[in-house]
Amino acid sequence: KNSLKSAYNGDFYIGTALDVNQIEEKNAKVTQLISKEFNAITPENIMKSMFLQPEENKFDFNLSDKYVAFGQKHNMFIHGHTLVWHSQLAPWMSKIKDSVSMAKMLTNHITTVVKKYQGKIDSWDVVNEALNEDGTLRKSVFLNTYGKDFLTLAFKTAAKIDSKVDLYYNDYNLCNAKKRKGAVELVKNLQKNGAKIDGVGEQGHWHLDTPTLEEIEKTILDFSALGVKVAFSELDISVLPSPYGLQGAEISQRFANNEKMNPYPKTLPDSMQVKLAQRYNDIFKLFLKHKDKISRVTFWGVNDTQSWLNDFPIKGRTDYPLLFDSNLQPKKAYESVISLK
Ligand code: XIL
């Protein structure tokens, strides 16, 4: 097999996130690589509300039109990300104070955007990251003004405009048992309220040792038991320790320990290449075992240069989470994924 998309053809879509540079085809080699390897795309940033509706009723579809045209030209499955999210939110939306104005904003934003790309976008992340780690609903301007039924309103509005597009709930850390249970409840609640939900997206911003394969498998089984599809929507595997939950001094300590792997753009040391490859191999083996339940596996970027993890959550860190290196060459991790087929 000479590409990821041909290797996994018939199993699930293999996608990548695209940001402005790739959408605008700034580099022909990158465009070639994308069209050769991937058959699905997600907009990394450009469809978030701060870009699509920066001011009330002033929509800017310039980049999103280019994004959709890119997908059509290369005959790809085109995903939309994301209609309702507390982050990268248009500033004016964050200032909404009451439920009537919130309902008006949600209805207008979702209606306008979904209608604009009806028949072109194949699936939408309707709501992104609505849950806390303990499985309760996260405090947000949506919850605070409208209450928990903002989810039902969002899904129903999207389905009313385009009955054919697949509608997803998307979140991270769904392998965490409490959050996974929260997501199961969230889906059940939407179903109980008569809203159409077609899938759950597990972002998949993972590490070399966490989550475990058992935990990942549980998310696949729990969500598919609700009758919805499962997508791994933003897959990348950090080779650096997670700074979450650590305090200031500990973060600097861990950061100092990573220094050997930096500075950017040196390549990943060979021993780490092997570990990353093994981790990807294990994960894709599990995906294949459950391919009937999985709709799409999308990497959060094309190559390591593009990865958001290079500056997140600590500025200046270099990470190596994807299948292609900074020179667009396939890493050992690429071989380990494609060799399963
Ligand atoms: C990230 C992008 O990759 C960054 O470029 C941006 O600065 C912040 O957002 N969960 C999501 C994605 O749903 O939209 C986020 O993307 C990563 C975490």
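Helices (H or I, at least four residues) and strands (E, at least two) are DSSP runs, numbered from the N terminus. This is a predicted model: local features need pLDDT of at least 70, side-chain atom pairs count only at pLDDT 80 or more, and totals for chains, interfaces and linings use all residues. Residues are numbered from 1 along each chain as its sequence is written.

Start with strand β3, which holds T82. A cis peptide bond joins T82 to H81, with omega about 0°. P211 sits in the loop between β7 (205-207) and α11 (213-224).

Now go inside. A residue is buried if 20 or more other C-beta atoms lie within 10 Å of its own, exposed if 12 or fewer, and partly exposed in between; C-beta atoms are placed from the backbone. A nonpolar core is a set of buried Ala, Val, Leu, Ile, Met, Phe, Trp, Tyr and Cys residues joined through C-beta atoms within 7 Å. In soluble globular proteins, nonpolar side chains tend to be buried together. The largest nonpolar core here has 88 residues. Within this core, W124, V126, A154, F155, A158, L167 and Y169 touch the most other members. Helix α9 (residues 150-161) gives the largest share, seven residues.

Take V126 as an example. Two residues are in contact if their C-beta atoms, placed from the backbone, lie within 7 Å. Leaving aside neighbours within four places in sequence, V126 is in contact with L83, V84, A154, F155, A158, L167, Y168 and Y169.

Next, look along α9. The expected span of a helix is 1.5 Å times one less than its number of residues. The twelve residues of α9 should therefore span 16 Å, and its end C-alpha atoms are 17 Å apart, which agrees. Nine of the twelve are buried, so α9 is mostly covered. Among the buried residues are F150, L151 and K156. The cover includes β3, α7, β4, α8, β5 (166-171) and α10 (177-192).

Helix α7 (residues 99-116) has 18 residues. From first C-alpha to last it reaches 25 Å, close to the expected 26 Å. Which residues of α7 are buried? They are M102, M105, L106, H109, I110, V113 and V114. Seen down the axis of α7, these buried residues fall within an arc of 125° (the arc is that of the directions from the helix axis to the C-beta atoms), so they line one face of the helix. An α-helix has 3.6 residues a turn, so residues three or four places apart point the same way. The face of α7 turned away from the buried side carries the exposed residues V100 and K115. The buried residues of α7 pack against several elements, including α4 (49-52), α6 (91-94) and α8 (141-146).

Loops have their own details. D149 lies in the loop between α8 and α9. It counts as partly exposed, with 17 C-beta neighbours inside 10 Å. E25 is in the loop between α2 (20-23) and α3 (28-37). E25 has a positive phi of about 50°, although it is not a glycine. N173, in the loop between β5 and α10, also is not a glycine, and its phi is positive at about 55°. Is N173 buried or exposed? With 20 C-beta neighbours inside 10 Å, N173 counts as buried.

Finish at the ligand. A residue is near a molecule if its C-beta atom, placed from the backbone, lies within 6 Å of it. E44, N45, N128, Q203, E234 and W308 surround the ligand.
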